[in-house]
Amino acid sequence: MTGPLAYALMVAGLLLAAWTGLWAHRRRPVNAGQIIGALVLEAGLLVQSVIGIVRLAGDATVAEPVTFVAYAIGVLAPLPLGVYLARIERTRWGSVSLCFTAVVVAVMGLRLLQLWRMGVPVV
């Protein structure tokens, strides 16, 4: 994993959450731009997960490798579910569901970074 990518994905998740949260506050369903933003964020999460798992399979050490792999795979699930719920629920509650899943992704990204950093020896 790379720190800058992890932080960028966390910020992107929180920005998507703020955007869809504002839409929910205005009682609007998600729009195409928000869906595209979620898909771009999902692509970034996929890149991050692949990098982390490949580096873990190589020479990287992590304090809890099973937990790390579970989070690396699990972080890919919330956004597609949130997009699906937002598309079938064309009310403000679709925006709420995408907002919630974007927050979940940001928190899971933070946990992934914490797990990764726990394995790095302090010099």
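This is a predicted model: local features need pLDDT of at least 70, side-chain atom pairs count only at pLDDT 80 or more; totals for chains, interfaces and linings use all residues.
Helix α2, which spans residues 32-57, and helix α3, which spans residues 65-74, have axes that come within 9 Å and cross at roughly 155°. Because angles over 145 degrees count as roughly antiparallel, α2 and α3 are therefore roughly antiparallel to each other, and the crossing in which α2 passes α3 is left-handed. On the α2 side the contact is made by Ser49, Gly52, Ile53 and Leu56, which meet Pro65, Phe68, Val69, Ala72 and Ile73 of α3. Grouped by class, this contact of α2 with α3 comprises seven nonpolar and two polar residues, with no charged residues.

Two aromatic pairs were found in a search of the whole structure. In one of them, tryptophan 19 and tryptophan 23 are arranged edge-to-face, with 6.4 Å from centre to centre and 80° between the planes. Tryptophan 19 and tryptophan 23 are four residues apart in helix α1 (residues 3-25), so that about one helical turn separates them. Tryptophan 19 is partly exposed, at a relative accessible area of 33%, whereas tryptophan 23, at 15% relative accessibility, counts as buried.

The pair of phenylalanine 68 and tryptophan 116 is tilted, since the ring planes stand at 45°, and the ring centres are 5.3 Å apart. This pair links distant parts of the chain, as phenylalanine 68 lies in helix α3 and tryptophan 116 in helix α5 (residues 92-118), 48 residues apart. Phenylalanine 68 counts as buried at 1% relative accessibility, and tryptophan 116 likewise counts as buried, at 7%. Phe68 is also one of the α3 residues that meet α2.

Methods:
Residues are numbered from 1 along each chain as its sequence is written. Side-chain values use heavy atoms; hydrogens and water are left out. Axes are lines fitted to C-alpha atoms, for helices over the stretch in contact, and angles run from 0 to 180 degrees between N-to-C directions. Helices (H or I, at least four residues) and strands (E, at least two) are DSSP runs, numbered from the N terminus. Angles under 35 degrees count as roughly parallel, over 145 as roughly antiparallel, 65 to 115 as roughly perpendicular and the rest as oblique. A crossing is left-handed if the near helix is turned anticlockwise from the far one by less than a right angle, and right-handed if clockwise. Contact means heavy atoms within 4.5 Å. Ala, Val, Leu, Ile, Met, Phe, Trp, Tyr, Cys and Pro count as nonpolar, Asp, Glu, Lys and Arg as charged, and the others, Gly among them, as polar. Rings of Phe, Tyr and Trp (its six-membered ring) pair if their centres lie within 6.5 Å; planes under 30 degrees apart count as stacked, over 60 as edge-to-face and the rest as tilted. Buried means under 20% relative accessible area, exposed over 50%, partly exposed in between (1.4 Å probe, protein chains only).
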